[in-house]
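Hello,

Here is the structure I said I would pass on. My notes follow below it.

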Amino acid sequence: SMAANMRLPTIRKQVSLSSSLSALDGKDLVVPGDVITSDTGFMRGHGTYMDEEKLTASVAGEVERVNKLICVRPLKTRFNGEVGDVVVGRITEVQQKRWKVDTNSRLDSVLLLSSVNLPGGELRRRSAEDELTMRDYLQEGDLISAEVQSVFSDGALSLHTRSLKYGKLGQGVLVQLSPSLIKRQKTHFHNLPCGASIILGNNGFVWLYPTPGHQDEEAGGYYTSLEPVSLSDREVISRLRNCLLALGAHKVLLYDTSVLYCYESSLPHQIKDILKPEVMEEIVMMTRQKLVELEG
């Protein structure tokens with residue numbers, strides 16, 4: 001017999017924004033049509049509209065207030081890529097001379113056969129044989145790291161994996177987060193001192209993997225090690241994964257330092273306990289503290 005959790009209907013309370021800051025610590029969630037405030041002293045920002053003198057939400061998300069401006073930041077944001085962005089994506093289809101890639105964007109991204117680094121050197125022409133062996137390089141379900149090369153007129157992204165740091169991803173863990181949480185940095189590839197590596201895709205897809213012993217430059221990004229991953233590596237990666245989810249749940253910007261501080265703050269706890277709300281809150285608070293001290 002299937003057990004179903006039922007709950008009684010509750011009266012939706014109107015979110016009132018008193019002018020005291022305590023009312024708004026970024027926890028107010030609204031859905032379209034919710035009245036945010038009827039105080040006329042506020043300015044209307046993104047995600048809101050005026051309805052009979054009341055400031056009303058037009059999207060589902062978090063209410064954000066900066067001085068007198070109120071906006072609603074959507075919870076589920078798609079990735080709008082720009083040239084030069086680093087992405088982690090999943091191959092969805094092999095087509096003629098191109099692969100389709102899911103990059104958490106509105107439309108599938110495109111990786112052209114001419115935009116990948118094939119073994120045997122950058123400069124050789126693509127042959128008919130290359131077209132036939134496309135699936136040997138990348139097939140449906142494979143994960144890649146790539147860079148946005150250009151944006152088509154319909155907004156779809158064209159990717160390339162021409163530099164040796166990009167290409168097919170081997171063994172590791174994918175964590176899917178909101179693109180709005182990824183901090184833009186000079187590099188999005190980091191070997192963390194805790195013993196694992198991370199690719200922070202601008203598109204919100206984050207890849208965690210064991211730090212490679214030696215880079216095999218010859219393979220041009222398409223060599224995949226299938227060596228068993230040691231237990232200690234798996235534990236580090238699992239801990240990092242839960243730390244990423246904790247930071248994401250509390251809307252902390254993700255970059256190498258915030259991830260590392262969170263990892264360190266989590267060490268007194270077992271990996272599986274990191275996602276318990278009270279543990280999560282404590283770890284994130286410590287992480288924020290360390291980041292503030294660093295800024296200071």
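**Charges over rings**

The charged end of Lys183 sits over the ring of Tyr255, 4.2 Å from the ring centre. The rule: NZ of Lys or CZ of Arg within 6 Å of the ring centre and within 35 degrees of the ring normal. Lys68 lies over the face of Phe42, 5.0 Å from the centre of that ring.

Before you go on, some ground rules. This is a predicted model, where local features need pLDDT of at least 70, side-chain atom pairs count only at pLDDT 80 or more, and totals for chains, interfaces and linings use all residues. Numbering starts from 1 along each chain as its sequence is written, and side-chain values use heavy atoms, with hydrogens and water left out.

**Aromatic pairs**

The count is one. Rings of Phe, Tyr and Trp (its six-membered ring) pair if their centres lie within 6.5 Å.

**Hairpin**

Strand E4 (residues 48-51) pairs with strand E5 (residues 54-57). The sense is antiparallel, over four bridges. Strands are DSSP runs of E, at least two residues, numbered from the N terminus; pairing takes at least two DSSP bridges. Met50 has Leu55 in E5 as its bridge partner. Two residues lie between the strands, and Glu52 takes a positive phi near 50 degrees.

**Whole protein**

There are five helices (H or I, at least four residues) and 17 strands. Of the 296 residues, 42% count as buried, meaning under 20% relative accessible area with a 1.4 Å probe, protein chains only.

Best wishes

Terms used:
Buried means under 20% relative accessible area, exposed over 50%, partly exposed in between (1.4 Å probe, protein chains only). Rings of Phe, Tyr and Trp (its six-membered ring) pair if their centres lie within 6.5 Å; planes under 30 degrees apart count as stacked, over 60 as edge-to-face and the rest as tilted.
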